[in-house]
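Here's a quick briefing for anyone opening this one for the first time. Have a look at the sequence and the fold, then read on.

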Amino acid sequence: MMKYKFGTALILSSSLLLSQSSFYVNAEEKSNEQTENTSKSISFEQAQKMKPKELTNLLTDEDLKLHNKVAEHQSTELETNRNTNEAYQNVNGYIDQNNIKPSAITQDTRMNSLPKYDYKSDKFIGVVIHETANPNSTIDEEINYMYNNYESAFVHAYAGSSKIVQTASSDYLAWGAGAKANPYFYQIELAQSSTFDQFAKSVNNQAYLTAKMLDQNGLKPSLADHNEGTGTVISHNAISQYYGGTDHTDPINYFSQWGYDMDQFYSLVQKHYNQLNEASDTVTGDTHTVASGDTLYNISQRSGVSVDNIKELNDLSSNELTVGQVLKLK
């Protein structure tokens, strides 16, 4: 959760406005520090098989000190409003009934000016779901505040009711979920809405971007919140529980205000992920490059070639596969 405090008006003083040249110099300096202040990375494939405690144990004191970034927030108890929950219809059903489509994904022109540190896992192994906890600021105000205060915290993207904006490169880690999770996750903030329709559109945008980013890294959707923190979709609340280094509970309380929860959000991510992969799920051609989540069985189902034939064509003595391995199918 990135809680920013705005007054009655958003005042950007000249002291907060950095020139583009100073942005780039600062980012370059931080990038140069990377090899001196962070430990050696582990493989993307290895990281996906590890539990939160195993991942955090790999971080050095230097890693933890460098990436110990979580934006200011006001403590809020983790509670639900039953009366509010009962007042609203099913969010995912509303999205389907009204055929709500995700907004186009745009990129902020300032995104390359941010610090660039490699993930501990080479690439992100999941997506953290945040919300801004600020009902009085727009998505644009949140983004502008982030850029003017990026040394305190920044995230990869923001989702609102009418736009999806990527604010930091997915090639590098962001500072939004604490020292123990920042080195492993892509992070998306949800701007708060004032109406049910806006909330439905905004959460649909956040779920769509989550599915897109999982697909980008060949990751299958899996909810970490009910699996002791292991999974590719995780709330900031679950980061606090299973990774540590932060005490935020978002987006649980905000979701509950609209009769929503992480299980429903995860279902929406799955729907978008399936739609993205409907056209590309079938395996065709003479060869197939193994992606994360592939097994001999599902490759057989998608290609129409039996498991035994795949093993014979590739001289395989077991069912074990390696990401990046090229399999002959004919």
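What follows is a short tour, from the whole chain down to single residues.

This is a predicted model, so a few ground rules apply: local features need pLDDT of at least 70, side-chain atom pairs count only at pLDDT 80 or more, and totals for chains, interfaces and linings use all residues. Residues are numbered from 1 along each chain as its sequence is written, and side-chain values use heavy atoms, with hydrogens and water left out.

**The chain overall**

- The protein chain has 13 helices and 8 strands, where helices (H or I, at least four residues) and strands (E, at least two) are DSSP runs numbered from the N terminus.
- Of its 330 residues, 49% count as buried; buried means under 20% relative accessible area, exposed means over 50%, and partly exposed is in between (1.4 Å probe, protein chains only).
- Among contacts with a separation of 6 or more, 76% are between residues 24 or more positions apart, a contact being heavy atoms within 4.5 Å.

**The sheet**

- Six strands make an open sheet, in the order S1-S4-S3-S5-S2-S6 and with mixed pairing; two strands pair if DSSP finds at least two bridges between them.
- At the edges sit S1 (105-107) and S6 (233-235), each pairing on one side only.
- On average, neighbouring strands here are turned by 25 degrees against each other, direction ignored; the axes are lines fitted to C-alpha atoms, for helices over the stretch in contact, and angles run from 0 to 180 degrees between N-to-C directions.

**Strands S2 and S5**

- S2 (residues 126-129) and S5 (residues 185-190) run parallel, joined by 4 bridges.
- Across that pair, Gly 126 has Phe 185 as its bridge partner, and Val 127 has Tyr 186.
- S2 also runs parallel to S6, with 3 bridges between them; there, Ile 129 stands opposite Ser 235.
- Gly 126 and Val 128 point one way from S2, Val 127 and Ile 129 point the other way, and all are buried.
- S5 is covered on both faces: Phe 185, Gln 187 and Glu 189 are buried on one side, and Tyr 186, Ile 188 and Leu 190 on the other.
- S3 is joined to S5 by 3 bridges, again running parallel, and Ala 157 stands opposite Ile 188.

**Helices across the sheet**

- Helix H8 (residues 196-216) lies across S1, S2, S3, S4, S5 and S6, at about 170 degrees to S5.
- Helix H11 (residues 262-277) lies across S2 and S6, at about 150 degrees to S6.

**A look at Tyr 88**

- Where is Tyr 88 found? It's in the loop between helix H5 (82-87) and helix H6 (91-97).
- Tyr 88 is partly exposed, with a relative accessible area of 33%.
- Leaving aside neighbours within four places in sequence, Tyr 88 is in contact with Phe 196, Gln 257 and Trp 258.
- Tyr 88 and Phe 196 are 108 residues apart along the chain, yet their C-alpha atoms are separated by 7.8 Å.

**Empty space inside**

- Rolling a probe the size of a water molecule over the atoms shows where empty space is left.
- A cavity is a set of points, on a 1 Å grid over the protein atoms alone, where a 1.4 Å probe fits but cannot get out; lining residues have an atom within 4 Å of a point.
- The count comes to 1 cavity of 30 Å³ or more.
- The largest cavity has a volume of about 50 Å³, volume being the space filled by probe spheres set on the points.
- Its lining includes Met 111, Lys 116, Phe 154 and Tyr 172.

Terms used: 1 Å grid on protein atoms, 1.4 Å probe; cavity = no way out; pocket = protein on both sides within 12 Å on 5 of 7 lines; lining within 4 Å.
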